[in-house]
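My notes follow in the order in which I looked things up.

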Amino acid sequence: MPIDVTKFEVLKFTSRLLFIGIGSIIPLCFSPYSVSFIMSLYMYAILAITWNMLAGFTGYVSFGHVVFWGLGAYATAILIIKVGLPWNIAWLLSGVVGCGFAFTVGIPTLRLSGVYFAISMLALSEAVKVAVAYLRGVTGGGGGIYLPPLISLNTAYYLMWAVFATVYLTTCFLSRTSFGKFLLAVREDEIAAQSLGINTAVIRIQIFVLSSFFASLAGGLYVLNVCFIDPKTAFDISLTIKAILMTVLGGLGTLEGPIIGTLLLGGFSELMWARFPFIHKVLLGAAIMAIVALLPRGVVPSLKGLRWWGISSRSTLKGDK
Amino acid sequence: MTNRNPLLIVKDLTKRFGGVIANNRISLTVYERELVGIIGPNGAGKTTLFNMISGVVPKGSSRAPTNGQIIFRGVDITKKPGYKIAKLGLARTFQVVRVFENLVVWDNVLIGALARLGKGRAAEQMAEEAMAVVGLEKAKHKVVRELTLAEKKRVELARALAVRPTLLLLDEILAGMIPSEVKDMLTLIEALHQRGITIVIVEHNVEALLSLVKRLVVLDRGEKIADGPPSKVVQSQRVISAYLGEGIC
Amino acid sequence: MVTQFLNVLISGIVIGALYALAAEGLNLIWGVMRIVNMAHGEFLMLGSYVAYYLFIAKHINPFVSLIIAGIVLLASGWITSRFLIRRILDGGEMIGLLFTFGLSIFLINMGILVFGGQFKTIAYLSGTLSWGPVFVSKPKLVAAIVSLLLSIAMYCFLRRTKPGAVIRAVASDREMAEQCGVDANRVFDIAFGLGAALAAMAGVLVSISFPFSPLIGQAFILKCFAVVVLGGLGNFLGALLAGILVGVGESLAAFYINVHMSHAVAFIIIIVTLLVRPSGLLGGRS
């Protein structure tokens, strides 16, 4: 059973780098359509990973995750159009906006118990949608905001890839730190964690803000690429659903789970979406139910054969809830 | 000869939940290196007392006592949140064991050590030590969920020890254990006491405590009704009538 | 000025009664099974469509459909619980949340597929009733009265009958009830069915009051959450009161501020209540 730890770690690390590295040559080998598709996969992966940060690592399920993505998109667009900032500054600032929002809403809401947190995040997401539609002057109201094309597809691709790599490696890194272990403690038993001296409230806020940062950046890149955003798209619950589904499918609380879930779902979606626009959502719903009921731990922990690849049996960030 | 420095001073502690007075003007002083037992019939307020002292309450419950004061190591901790009190050197176990089920034993104990030290190597050493004291080295990589109750209690204890506590509160740690497990745990607790940790232990199993502690405190319906050497306490009329129907020995 | 206010108030109370009925089912399921039924809005939606198709195809009086829809959803809910929900009951609250979330997505999109996305309505009742300057929409008033009656009927069922007492026992302490010989799983199935039935009946009343589409559930679920949170989890009367408050709040916001804000009322109520008084106005399990 005991694989040599150092070899194992090196193997893990290299395979992760390889996996990420492949992304760098995509635009050189594939058509713009494929590049766009893979970029969207990265985006979904970012959403899934960031949702997992909260739900998988700390046990706080949020049904309003899309709000950060949407705020990132809007912040980027508004900062470019209304404030006149260059796109790169606007984009990075949108991440900060997401953080600020997360911090502000996190402090009161993270105190709530699991179910109430989930619902209040949903309520929040819907409330922001309404607010954005209402503040016509700033946000263009229901009609949305149009951006001129400011970056090429390849730039957008590489940036999305970079954000993906960063957030993924960050989670890997965190899992090895004491912060990462404290996250697990919070998830497993928050009361016990407190009794050990862990300031669980601060930990929750920190991971919440961190997850929102990357989610917002992803939204910012979306709007830079697609050049349009409106409240309906920005705060569409579908994105939250997909992030949840991908994470749960792949393995809630694991490091690679969200990515695998994204690959599986992305592939499936691509096949189904074009042909059956509404059926595919029906299947999405059925899939969530099936996975939650039958494979609650997701694909990754259930596949013994894959255990060596990045999933430490020493349970750094594994778990089921 | 006990060291007479007071480690924990509870003054006139009252805690009211809605209409129920869980703790009613309880005053208690625990000295360094003491091993104190707390007993009492169901509903006496023993766990509430622990919750008030440790500052760790179930989610939704309010932490602050209705009245009174608690001083630990010279610091007023009456209103302090649990995690701050833990950092001052107080550790506890729970009536219903609260271990990190999905993690392995090692991670459970390591988290305790990390919470205290925050860094890699020293924390690992502390965790190793705690596991050794409790006798869990062999189970290092087992997932806690797969352990027996007695083993889980040891994990919880090791985790509490990894915090290097000055004061250790044990809440019904013997509950659910068979006699051989009880005997082992009592030996362990005595060993911990010998290492200089002040221990306060709440128990239902009065018989077990009689052999362990030199001082027994009795609570009944939120009040402290006795406090002294076990032999005297069990003979007190008040204590006997409080337990009438329960059987004290 | 005063009459305007009265009209706004009445309009709010009337819709609030409907919210209350819709929420009672959610409250029941949540209180008894500790599961947040994210698909509750879809049960309501199904009720609306049952009434609609019965009306269109067979000209069946919506008030008769009320009973039919209630029975259909009672059965469907029971079946769902028996074969699906039971599997995930031990998983913890999050599993229940995620599962019913999936169910919700499934039902909404099935709805779009089967019924089409356009808005439908049942023009069974129409017009307004008025007393002097004060007026109220007739279908909505009737819907409100029926909602109230159904809510009271449910309350009496829970409080005054033996099956109701059993349900309440399981809700308050499952283990205790099981020790007294109650099969908690069967009670869960019934509670889930009843909850679905209540939602469906509310849905029928919705169908005669205003236009609806497969997405109507989405709109209602948040209002239901607001009602349950504000009224206190498991607190039946609280839900009634809260329903009216939510309705009135929305009505006031729509008239005195603007329509957008009225949508936000439910959300604001949820967030503010959870932060300030999580156990709700009249208290409940928090």
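**Entry 1: the sheet in chain B**

In what order do the strands of the open sheet in chain B stand? I read the order as β6-β7-β8-β3-β9-β10, with 6 strands and mixed pairing. The edge strands are β6 (90-92) and β10 (223-228) of chain B, and each of them pairs on one side only. From one strand to the next the twist averages 15°.

I wrote down how these words are used. Helices (H or I, at least four residues) and strands (E, at least two) are DSSP runs, numbered from the N terminus. Two strands pair if DSSP finds at least two bridges between them. Strands of a sheet pair through backbone hydrogen bonds, either parallel or antiparallel.

The model is predicted: local features need pLDDT of at least 70 and side-chain atom pairs count only at pLDDT 80 or more, while totals for chains, interfaces and linings use all residues. Residues are numbered from 1 along each chain as its sequence is written, and chains are lettered from A and ligands numbered from 1 in the order in which they are written.

Next I took one pair from the sheet. β3 (residues 35-39) and β9 (residues 215-220) of chain B pair in the parallel sense over 4 bridges. B:V36 has B:R215 in β9(B) as its bridge partner. Helix α1 (residues 46-54) of chain B packs on the sheet and touches β3, β6, β7 (167-171), β8 (198-202) and β9 of chain B. Its direction makes about 150° with that of β7(B). Contact here means that the C-beta atoms of two residues, placed from the backbone, lie within 7 Å. Axes are lines fitted to C-alpha atoms, for helices over the stretch in contact, and angles run from 0 to 180 degrees between N-to-C directions.

**Entry 2: a hairpin in chain B**

I then looked at β1 (residues 6-17) and β2 (residues 20-31) of chain B, which pair in the antiparallel sense over 8 bridges. B:K15 stands opposite B:N23 in β2(B). The two strands form a hairpin with 2 residues between them, and B:G18 in the turn has a positive phi of about 60°. β1(B) also pairs with β4 (residues 67-72) of chain B, in the antiparallel sense over 5 bridges. There I found B:T14 opposite B:N67 in β4(B).

**Entry 3: two helices in chain A**

How do the axes of α3 (residues 32-58) and α13 (residues 237-250) of chain A cross? They come within 8 Å and cross at roughly 70°. α3(A) and α13(A) are therefore roughly perpendicular to each other (65 to 115 degrees). The residues making the contact include A:W51 of α3(A) and A:M246 of α13(A).

**Entry 4: contacts between chains**

I counted 21 residues of chain A in contact with 25 residues of chain B. α9(A) gives the most to the side of chain A that touches chain B, with 6 residues.

For the other pair, 32 residues of chain C are in contact with 32 residues of chain A. On the side of chain C that touches chain A, the largest share, 15 residues, comes from α4(C).

**Entry 5: chain A as a whole**

Chain A has 16 helices and 2 strands. Of its 321 residues, 55% are buried (20 or more other C-beta atoms, placed from the backbone, within 10 Å of the residue's own).

Notes. Parallel < 35°, antiparallel > 145°, perpendicular 65-115°, else oblique. Buried ≥ 20, exposed ≤ 12 C-beta atoms within 10 Å, placed from the backbone.
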